[in-house]
Amino acid sequence: MSAGTEKDRSGKNSASSGLDDRRSTVNRLSAENVTLAYDQRVIAEQLSVEIPDNSFTVIVGPNACGKSTLLRALSRMLKPSEGRVLLDGQVIQSMPAKKVARTLGLLPQSSIAPDGITVADLVGRGRYPHQGILRQWSAEDERVVRESMTQTGVAELAERYVDELSGGQRQRVWIAMALAQQTPLLLLDEPTTYLDIQHQIDVLDLCADLHEEQGRTLVAVLHDLNHAARYATHLIALRGGKVVAQGAPKDIVTAGLVEEVFGLRCQVIDDPETGTPLIVPAARRARAAAGDRDAARKAVATGAS
Amino acid sequence: MKTHRAVRTPGGLSVRLDVRALTVVVLLLLAALTASVVLIGTGDFPISAADVLRTLVGEGDAGQEFIVTELRLPRVLVGLLVGASLGLGGALFQAISRNPLGSPDVLGLGQGATAGALTVIVLFSGTADQVAVGALVGGLVTGFAIYVLAWKRGVHGYRLVLVGIGVSAIVTAVNGYLLTKSDIVDAARAVVWMTGSLDGRDWAQVWPLLALCVVLVPLVLANSRGLRMMEMGDDVSSALGVRVERVRLVLLVSAVLLTASATAAAGPVAFVALTSPQLARRLTRSPGPNLVASLCMGAALLVTADWVSQRAFGTDQLPVGVVTGVVGGVYLLWLLVTERRAGRI
């Protein structure tokens, strides 16, 4: 709700002042003309992305398109070599680390559960940005940890050791830790990887609940285009470090887009369960035939020129 | 199983205590102090524990007073401080490298300090104080070299361990070369130094070590909450608002200083830095770096080992490094086997 008023206020600002600068504060999180690189290897250049407030934004794209890199930049794990990432109108790198951590949470791909830690202890570590040397464990911390475990369905595992849990349970525990951080924005890097199908749906349902019931803004990188189309309210399709399309899945997911982004011929039909777009890859024969046709057309074209 | 207790004041202050860890710390402190009293009473003129305590509070007779405060107390204090520094330094290194093998013994800090000490002994025939300075400089240079070589977008565990092993091998070769260059008197002195010994340590060694601990221990503990978060990986901890690189740098520098100055004071006492954190962790059974428990464990271990080295073999006294080396070596083998079984190496 507070995010909503924020949006209204800044929306009014942009209308009344008409300053270009204000545009960046419409949404709480955005990247402006960022160039992202690891050492010398450039992943994306001049990339601009807005994360709409209160959305469940999903970033999709083929391997190595820069989607995880973009998420790292949005969560200040990676400093853009050019351009800037703005959080609430401020350059994210210039903000105090704990203040960012109270606004924006991240569930990275690589996380290590310390040896012999219990679920409750691990979830409790999510309270770190709210604590200090003299304020180590308030009643509020205890309440939030309990709530986070209940929301993710791991409350009954509280006293179990994290190493004893299954992959799906463990992912829920990590999500509970990120929830205990109590951030209005939550970024998740491939939260369903390595999970079997029912746990993937489980985690995505949980994300949808967090988005719908608590009004959190979620940004996730997902591999599965059908999951993305079903759960996202806002989809960002990346290819080669560029945004190819963005918008509501039902508006932008077409056979043409899938071919452009993933290089895959397919049909897009209505998901019989939800009515969202459902991608059905073309049969192998059809794809092979199409490939031949394309090659023939190219041969004709080059012959003609 | 759950041993955490939160203590809260009406003013909104709250402290979280791990009861089991606290108990372990208190017991280890008691063990270290008991061993110290026994050690002070041990020697050519045995003094009973009651007399030692009486002398320490200033009510002993003149003879005992001299033996206790001038001869034996400083040695025990150096032992306690060296053990505490090594225990804490080892815990820091192991937590930063996220690997029990990432301790100063394996990383070559001890060898680096040895190289510094040998340089002073062999090339300059320096005094004991100069040897200590040489060892300190050697340790710091080695620590710096390891950090620079292992740094690539942040220091990471395995790289730190592997670079450390490489540096350790190089420095060991340098030490071998220095030893072959030395004459017999220097060589004998060098070998005693290299084993690690508390013989003849007096107040001159106590003060600098104590001063360093007084500065570094609070600094380290102030950063320990960040270090605890860093156990979960760099990404998770920085997402939680830990300034990972800064915490790591502060703690690595502190760990190098603690280890190097302990080595300068007592020689490279083997394996205390490796074993203390692991033993402490098994006693507290709590995740996290267990810094305070490791510190107390190091102090207790070293003083006990010093007592064993003086008593166990009759009149032939051994340097304390021999005892910690034997105990620590057996422990290292056991650790390697269990780590291998757990599939971590």
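Two strands pair if DSSP finds at least two bridges between them. Helices (H or I, at least four residues) and strands (E, at least two) are DSSP runs, numbered from the N terminus. This is a predicted model, in which local features need pLDDT of at least 70 and side-chain atom pairs count only at pLDDT 80 or more, while totals for chains, interfaces and linings use all residues. Residues are numbered from 1 along each chain as its sequence is written, and chains are lettered from A and ligands numbered from 1 in the order in which they are written.

**View 1. A hairpin in chain B.** Let's start with β1(B) and β2(B), which form a hairpin with five residues between them. The two strands pair in the antiparallel sense, over five bridges. To find your way across the pair, look for B:Ala6, which stands opposite B:Arg16 in β2(B).

**View 2. Where chain B meets chain A.** Here 24 residues of chain B are in contact with 28 residues of chain A; two residues are in contact if their C-beta atoms, placed from the backbone, lie within 7 Å. On the side of chain B that touches chain A, β1 (4-8), β2 (14-18) and α11 (234-239) of chain B each supply at least two residues. Which element gives the most to this side of chain B? That is α11(B), with four residues. By kind, the residues of this side of chain B are eleven nonpolar, six polar and seven charged. Here Ala, Val, Leu, Ile, Met, Phe, Trp, Tyr, Cys and Pro count as nonpolar, Asp, Glu, Lys and Arg as charged, and the others, Gly among them, as polar.

**View 3. An open sheet in chain A.** Four strands of chain A line up in the order β2-β1-β4-β5, with antiparallel pairing, and the sheet is open. β2 (41-51) and β5 (90-91) of chain A stand at the edges with a single partner strand each, so one side of each has no neighbour in the sheet. Strand β1 (residues 29-38) of chain A pairs with β2(A) over seven bridges, in the antiparallel sense. One place to look is A:Leu36, whose bridge partner in β2(A) is A:Ala44. Helix α2 (residues 67-74) of chain A packs on the sheet and touches β1, β2 and β4 (82-87) of chain A. The direction of α2(A) makes about 120° with that of β1(A); axes are lines fitted to C-alpha atoms, for helices over the stretch in contact, and angles run from 0 to 180 degrees between N-to-C directions.

**View 4. The two sides of helix α5 in chain A.** Helix α5 (residues 139-151) of chain A has 13 residues and reaches 18 Å from its first C-alpha to its last, close to the 18 Å expected at 1.5 Å a residue. The expected span is 1.5 Å times one less than the number of residues. Which residues of α5(A) are buried? They are A:Asp141, A:Val144, A:Val145, A:Ser148 and A:Met149. A residue is buried if 20 or more other C-beta atoms lie within 10 Å of its own, exposed if 12 or fewer, and partly exposed in between, with C-beta atoms placed from the backbone. Seen down the axis of α5(A), the buried residues fall within an arc of 130°, so they line one face of the helix; the arc is that of the directions from the helix axis to the C-beta atoms. These buried residues pack against α4 (119-124) and α6 (167-180) of chain A. The face turned away from the buried side of α5(A) carries the exposed residues A:Ala139 and A:Arg143. After α5(A) comes A:Gly153, whose phi is positive, near 70°.

**View 5. Two residues with a positive phi.** Most residues other than glycine have a negative phi. A:Gln182 is not a glycine, yet its phi is positive, near 55°. Look for A:Gln182 in the loop between α6 and β7 (185-189) of chain A. B:Arg285, also not a glycine, has a positive phi of about 50°, and lies in the loop between α13 (272-284) and α14 (291-311) of chain B. Are these residues buried or partly exposed? A:Gln182 is buried, with 20 other C-beta atoms within 10 Å, whereas B:Arg285 is partly exposed, with 14 C-beta neighbours inside 10 Å.
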